[in-house]
Amino acid sequence: MSIFRKLAWFFKEEKKSYFIGVFTLVILALIQLFPPKIIGIIVDSVADKTLTAKSLASWLSILILSAVLVYCLRYVWRKHIWGGAARLEKLMRKKLFHHFTQMDQNFYQKYRTGDLMAHATNDINAIQNVAGAGVLTFADAFISGVTTVIAMIIFVDPRLTLIALLPFPLLAYFSSKLGDKMHEAFKDSQAAFSKINDKTQESITGIKVIKTFGQEKEDIEDFQKNIDYSIRMNNKVNNLDAMFDPLITLVIGMSYVISIILGGYLIVQGEISIGQLVTFFNYIGMLVWPMFAIGRFFNVIQRGNASYDRVYGLMQEKSHIKEMKTGIKTPAKGDIDYQISTFKYPGSEEQVLKDVHFSLKEGNTLGIVGKTGAGKTTILKLLMREYDDYEGNISINSQRIQEYTLDGLLHSIGYVPQDHFLFSMTVRDNIRFGMPEASEEKVEQIAEEAVVHQDILGFSEGYDTMVGERGVSLSGGQKQRISIARALLVQPELLILDDALSAVDAKTEEAILNNLREERDNKTTIISTHRLSSVKHANEIIVVDEGNIIERGNHDELIALNGWYKKMFDYQQLEQKIEGGAR
Ligand SMILES: Nc1ncnc2c1ncn2[C@@H]1O[C@H](COP(=O)(O)OP(=O)(O)O)[C@@H](O)[C@H]1O
Ligand SMILES: [Mg+2]
């Protein structure tokens, strides 16, 4: 029942809808008491031969009228109660998704994606059920249950009512026992569902790896195991659920038997009429639904309660990245000052960054080079506030990056990661993702700058070609160039290319970088790469190794230094020559 207290805020907001809904249910319950009574009256008038065509016609028209009324009122409560539940679902889902967008990397390391998906679908659904089916069964079962019993007492006989209802407490006892078991089974089946979600996601993301290592068979077997387990758990829920119906049939059956024996006796004694007993039977029939409903009700609120707690728990998770609500909202712009003494990833002991210090003047270009795993991406992540727990200070225009709102900081940055991401939409929409109002000319001009325009014209439907699962498959280099075009279009104050040209050949890369230099003359750019020729023109280059800056300077200075950079540069030049010669 505590779920209703937890959802009090919602019912308060929607009190009009629920008031109308419940009020309609009360009227309905009262109207439904008439037909059995009328049938009883008709039976009695048949028995004592007083039934006339005229009175039969008027009784029948009352029956028809009440049927029509019931029909209309059902529409009214459905609209209000189901409508309210749908609004709750939408609201909860919106809140949860908003919360997901606020969370930092720690959160996504702690929770598996499959779990989050299960929360966003099944749990929200279970909560929605409380506000819909839960409220309905509660209100309806109690209102129609109580009014029916009262009608039995008034219209028929109190003693008969009392004795006929004796088996009912039995039902309450068994259904609560069953409810507990059901709750446990439901929890298990939910956990199994999460696991399948996770497994699916993992297999799809890792499909290349799975295939190259020839593990398809094992993977499918593993998947099958998960599915089997989930089916077993679901069957357990269904089996318990299935025990409910026979139980109700049994109790109602007992009730009928008692009524026939005792009712017959009362008729013989002349205490009630045959018509009254017919009415009574009808009323017992009307108690079947409330009995079902009470069982369902406990089930629904138990599920809803567990789900609400889980969702609430997620909502209580705080992002480590605290946004200063009163922070600077205008896009960050100016010199960057980067001073980090140490950084470790949460939950890891490894010092990933050590004494990384550099400044970058507005409008200049910084190159970050180094081996894979050196810490290049990490340096950029801190700049974008993916992690805040470090020793040191990062500022833009002499303001710590924490003093900006997240929008203020992030909207001024165009980040192109190595593992670029294209959406399932047309090429054009992918490019103008950050600026949907961009004109066709603008999109094409940007695509030319990213040296992907010719490629796009070669697609079957040009800029209207669909990308993604249902669309054309692009080469890695094409995807990277489209991602770059997307970032260029919004003309960010700071453009970050994080190994974003790794799949593009050296010639094309040079063309893109030349365009960038022209186009972004007075804007700041950071290029992280393992291909040294990409940063030849940068104002400063830092060489990172094991989280440390081991060399720094512009290209000529670094060559003169005759260290790692020089060695690597010569090696890559040679490599390129050999590759070029081989073509
Ligand atoms: N989320 C993470 N949690 C823990 N360690 C990480 C995480 N991401 C990266 N690392 C580690 O940090 C180091 C630097 O990684 P990264 O910045 O991605 O290097 P680069 O971009 O130069 O290839 C690596 O040793 C990597 O294993
Ligand atoms: Mg990287």
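Start by selecting the lining of the largest pocket: its residues divide into 22 nonpolar, 15 polar and 10 charged (Ala, Val, Leu, Ile, Met, Phe, Trp, Tyr, Cys and Pro count as nonpolar, Asp, Glu, Lys and Arg as charged, and the others, Gly among them, as polar). This is a predicted model, in which local features need pLDDT of at least 70 and side-chain atom pairs count only at pLDDT 80 or more, while totals for chains, interfaces and linings use all residues. Residues are numbered from 1 along each chain as written, chains are lettered from A and ligands numbered from 1 in written order, and side-chain values use heavy atoms, without hydrogens and water.

The space in this largest pocket is about 2100 Å³. Here a pocket is an open set of points on a 1 Å grid over the protein atoms alone, where a 1.4 Å probe fits, with protein on both sides within 12 Å along at least five of seven lines; lining residues have an atom within 4 Å of a point. Volume is the space filled by probe spheres set on the points, which are joined across faces, edges and corners. To find the centre, pick Pro417, Asp419, Phe421, Phe423 and Arg486, the closest to it of 47 lining residues.

Now move to ligand 1 and show Gly373, Gly375, Lys376, Thr377 and Thr378, the closest of the 13 residues around it (a heavy atom within 4 Å). Zoom in on Thr378, where a polar side-chain atom lies 2.4 Å from an oxygen atom of ligand 1. For Thr377, an N or O atom in the side chain is 2.7 Å from a ligand oxygen.

Conventions. Polar contact = N/O pair within 3.5 Å; in protein donor to acceptor, adjacent residues only side chain to side chain.
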